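Today I want to look up how the copies relate and where charged side chains pair up.

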Number of protein chains: 4
Amino acid sequence: MLRGVFPPLPTPFTEDALDEGILRDTVASLMQTRLSGLLVLGTNGESFLVEPAEADRVVRVARDAMPAGRLLLAGAGCDSTRATIDACQRAGDHGATHALVRPPTSYTRFMTQDVLMAHYERVADTSPIPVLLYNQPAVFGAELAAATVAGLARHDNIVGLKDSSGNIAHVNEVLARVPDDFSVLTGVAAMMYAALLSGTTGSIIAISNVVPNLCVELYEFVMTGQLHKALALQRAIAPLAKAVTTQHGVAGLKAAMTLAGYDGTTPRLPLAPVSPEVEEDLRGMLKHLELFTGWTLMNRGGRPDGPVAEGMS
Amino acid sequence: MLRGVFPPLPTPFTEDALDEGILRDTVASLMQTRLSGLLVLGTNGESFLVEPAEADRVVRVARDAMPAGRLLLAGAGCDSTRATIDACQRAGDHGATHALVRPPTSYTRFMTQDVLMAHYERVADTSPIPVLLYNQPAVFGAELAAATVAGLARHDNIVGLKDSSGNIAHVNEVLARVPDDFSVLTGVAAMMYAALLSGTTGSIIAISNVVPNLCVELYEFVMTGQLHKALALQRAIAPLAKAVTTQHGVAGLKAAMTLAGYDGTTPRLPLAPVSPEVEEDLRGMLKHLELFTGWTLMNRGGRPDGPVAEGMS
Amino acid sequence: MLRGVFPPLPTPFTEDALDEGILRDTVASLMQTRLSGLLVLGTNGESFLVEPAEADRVVRVARDAMPAGRLLLAGAGCDSTRATIDACQRAGDHGATHALVRPPTSYTRFMTQDVLMAHYERVADTSPIPVLLYNQPAVFGAELAAATVAGLARHDNIVGLKDSSGNIAHVNEVLARVPDDFSVLTGVAAMMYAALLSGTTGSIIAISNVVPNLCVELYEFVMTGQLHKALALQRAIAPLAKAVTTQHGVAGLKAAMTLAGYDGTTPRLPLAPVSPEVEEDLRGMLKHLELFTGWTLMNRGGRPDGPVAEGMS
Amino acid sequence: MLRGVFPPLPTPFTEDALDEGILRDTVASLMQTRLSGLLVLGTNGESFLVEPAEADRVVRVARDAMPAGRLLLAGAGCDSTRATIDACQRAGDHGATHALVRPPTSYTRFMTQDVLMAHYERVADTSPIPVLLYNQPAVFGAELAAATVAGLARHDNIVGLKDSSGNIAHVNEVLARVPDDFSVLTGVAAMMYAALLSGTTGSIIAISNVVPNLCVELYEFVMTGQLHKALALQRAIAPLAKAVTTQHGVAGLKAAMTLAGYDGTTPRLPLAPVSPEVEEDLRGMLKHLELFTGWTLMNRGGRPDGPVAEGMS
């Protein structure tokens, strides 16, 4: 089972080239927290803008910079079945523990549930590492229906789902239909509290690149039944969570990471960096979170051993 | 504060005319449960198909058939501000305790947050009864942003919100911004468990017309911290909840009520009744719930004093 | 057959009350052009905000102010079948020559082609005046498929269609399937040229309330094969046409009418009037058209006998 | 200027590998008509499923199989600016005369008009061959506004636009804003007649892979002012045009090509071939067109020198 919090790591670029040094440092730094591992080459990893040879280096560098026990998820979804099969193979070869496979994003009108089922089965049949499904219809076009997830969950090599639909009713419908050992992780930070209480086992959320300790804390509050603290923290992180996804995307996430003491770098073209105004907003949100929690967040994700402030109790 | 479960009552028609007798019987029967009251003239009450004179009779008959202590919410939203003001006045005159005001559904491109704010303020200024906001962008077109809800919550005569967005993150954002005495009720049965744990105080859900006791039970399980039972029951009712809303709408709801021992009648034209196949599906879902709970559901909403079956524990 | 240009008349309000005097004057003034008639109580007539008793007065006043030979179309679509039947009856009683029936805009997920077919057939069976269908999915939610239009075109009392889909391929598909004596009118001014060349016989377009003579001229250019002039004029009116529909809606239309010498009045609440900036933009567009055509447009729709300027030849 | 009809060629696969022999034969056969050239690696060329090395071979083989005077357009749009620049370079190197550059299809919420403008300018600055813009918001997510097209049209190396919006008003708005030597081609076969009359100079349409001569004939009818024949032919081809795009996509196009005497092959996974029922429908449409035109269409695109049948006059 996949449990806990996983940041979907941005891919660092310096002058439009992959910066392995920053990548290594960021991974190493994030892994000093109680994060369960991380995801490279997800949507937040600018996977659509990264070339295959770069992708292989990202997996390798991340693996090398991580402790052995942590999980390394790698985005491996492509539009064609053959390219996806190839990407899973390469992700496994270079050290990923799981392949997160988004559905094809082209020809979406023809991505019927039958076509998606056949696609994922072919991919899982040959992947050297276990496959995670990925549902986010607003971004990918195609939707993985609950019945499709349930059908694919029967495949030995398909072990979980990242669901970023934002729809708790849908998450619950999935949970009601899959076996207990099938991992459902949510991708929407603002619903982590509700989703964990509904039976998911963890989250892959952009904001955990910025404030990893707060996210782990939220996870642990729920898991240990401290619901009032969990809900207070859930509400507190929601504005920043929205800012680094819906509102400002990868550019916002990278800027927030830089504010938090990492080197977020800027996105690859055609994506543009955020404006100074947005950066100021992000700084304000981080300061607000510092006040709320009593933690120093603008220095590598917060004091890991700090107490949660009264505001949260 | 509004607390608990409220069914959005369908409007009964016999040969295309409002049937006051069935209305009276249904209300009286539903009020023998621990439902907190009910809503007439909501979307499930075919409000778009009911004429003003009929609407007045619906409110009056429902009020007469209800115990004094229960709340009577009445849908009063119209497209023009003046018609909405008039509808609130009439709802109050005929005995409603609260007016549920959907946003205008025409000229939706021009329903900016400013326009909506001004509309609701004018309505609330003159309404003789407290106003509840209503957010359901997928149906109404216009969306009430969290900031707009927070702004309107400052009005003395605006006391709550029905949110049917299905988006738990949005519900949480609203809850974080409104005062503690502002009631947030959800309109999506499949997220009642998650929403109550997030701070909402109740629900207005179609399925509570069909299995009122199960819905009250779910509410009480959460309120008393019996989360495992609550989650099991939440998942159990989800398919029927979806069937009587998203899948088959008012026609499905009315058919399910008839199966459950009420007289659901059929919808008004142009709406068509469900097919025999759908009716059979609905019967199957009710039977499944009977097995799960050990309750006799197909007889006026279940044995109110029955124990919850083992499946739920 | 319905041929030529019909303005969808806004409903004039003075202090939120129907202003019959302005209505009478505007109709009389517009009818001094070669417009073929007009439409009252369409979407641009704020039909969703007008009450039934007011609607009757609008039809009566318009009829009285029009020459006998011109057609008076009246919007009569409602959400319930019975209300629509009633509205058609009243429109006929008060002097309309045709009822323009939009589809129901509520419960749109259940407005299948079968349901729409049955609805329109019931309405047409009893309407004392011929029925025109109305297709505008972006506004009404439901879509009238080409096959549905073709099926309904067989009904003796359904004589035409207003299509505001903006989709010339769809218009052509409809034209290919309906009999020659079924009138197809478009509701998108910017496609009048293309639609007339494709076989439609006229248009119901907001901008013809503002510059009726230019719209009639465009119609006549196409009908007499003066395609270069027609295309130049088509392109010239497109920005204003967009401004008084898509961009600024009824409020923009009313403001532009006032600029053109009519008394447009302001919209009914919750609709807001346009800002001074928008008004200035509209004035600029009218001036631009005056330069282009050599006509004085900001005085009751232009000099009807003026020559078309060189820019158009 | 680009004038006339260009088929967007499907990429032929045999057992999931590019089949150069079939590609060569198909190109050679299509070029025996009066088609103005062709497009490889467009959406219909399964560009999203073709790998870079295969793409290069497609361009080279097509170029070799074409007469020197015909234009070879190659799809070169990618999600990152750098990959797009690289694809344009390679397309030019391998013999394409123009690069058709779709907008990025990922991170579409951040594809503002400014971002798109900067992306296209960077691409055009370095492309060794002239660039064509591509607008199809329903498929690509991002939309190229008319003002953006007008702005980009000022770049020396951006010479035209393929517009598949299906919106004749938008096409006209673009035409009103671009210089006369900027080529606007439509991608929607069912609006070719209307678009050519509005000032476009040609079309890139899937159906011209199946019935190239009919499409050329339609183009020539409009260009020579034979509007009645053009309109009749436009309506006649519309159902097949819809079938090989909207309804059945690339799979439908490939099946129709096979029926018409080419070797369409089947699409690459995850795309599935059409069912036998769809194939039968396509055959029926082709037979219907044969009856209508008096041409033998199910043999390599029809008798090129055949007269147009009476039905078209």
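To compare copies, I superposed them by least squares on the C-alpha atoms of residues with pLDDT of at least 70 in both. A reminder to myself: this is a predicted model.

Entry 1, symmetry. I laid chain B on chain C and got an RMSD of 0.0 Å, with a turn of 180° and a shift of 0.0 Å along the axis. That is how a two-fold axis relates copies. Within chain B, B:Thr105 has the C-alpha nearest the axis, at 4.3 Å. Both copies use the same surface, as 100% of chain B's contact residues recur in chain C.

Which chains does the pair B:Asp16 and C:Arg82 link? Their side chains meet at 3.5 Å, N to O, and the pair crosses from a loop of chain B, between strands E2 and E3, to helix H3 of chain C. B:Asp16 is partly exposed at 27% relative accessibility, and C:Arg82 is partly exposed at 30%.

C:Glu54 and C:Arg268 form a salt bridge with the closest N and O atoms 2.8 Å apart. C:Glu54 is in helix H2 and C:Arg268 is in the loop between helices H11 and H12, so the bridge ties together parts 214 residues apart in sequence. Buried or exposed? C:Glu54 is buried at 9% relative accessibility, and C:Arg268 is buried at 1%.

I found D:Arg268 bridged to D:Glu54, closest N and O atoms 2.8 Å apart. D:Arg268 is buried at 1% and D:Glu54 is buried at 8%.

Shared partners join A:Asp16, A:Glu51, A:Glu54, A:Arg268 and D:Arg82 through salt bridges.

Terms used
Residues are numbered from 1 along each chain as its sequence is written. Chains are lettered from A and ligands numbered from 1 in the order in which they are written. This is a predicted model: local features need pLDDT of at least 70, side-chain atom pairs count only at pLDDT 80 or more; totals for chains, interfaces and linings use all residues. Side-chain values use heavy atoms; hydrogens and water are left out. Contact means heavy atoms within 4.5 Å. A salt bridge is a side-chain nitrogen of Lys or Arg within 4 Å of a carboxyl oxygen of Asp or Glu. Helices (H or I, at least four residues) and strands (E, at least two) are DSSP runs, numbered from the N terminus. Buried means under 20% relative accessible area, exposed over 50%, partly exposed in between (1.4 Å probe, protein chains only).
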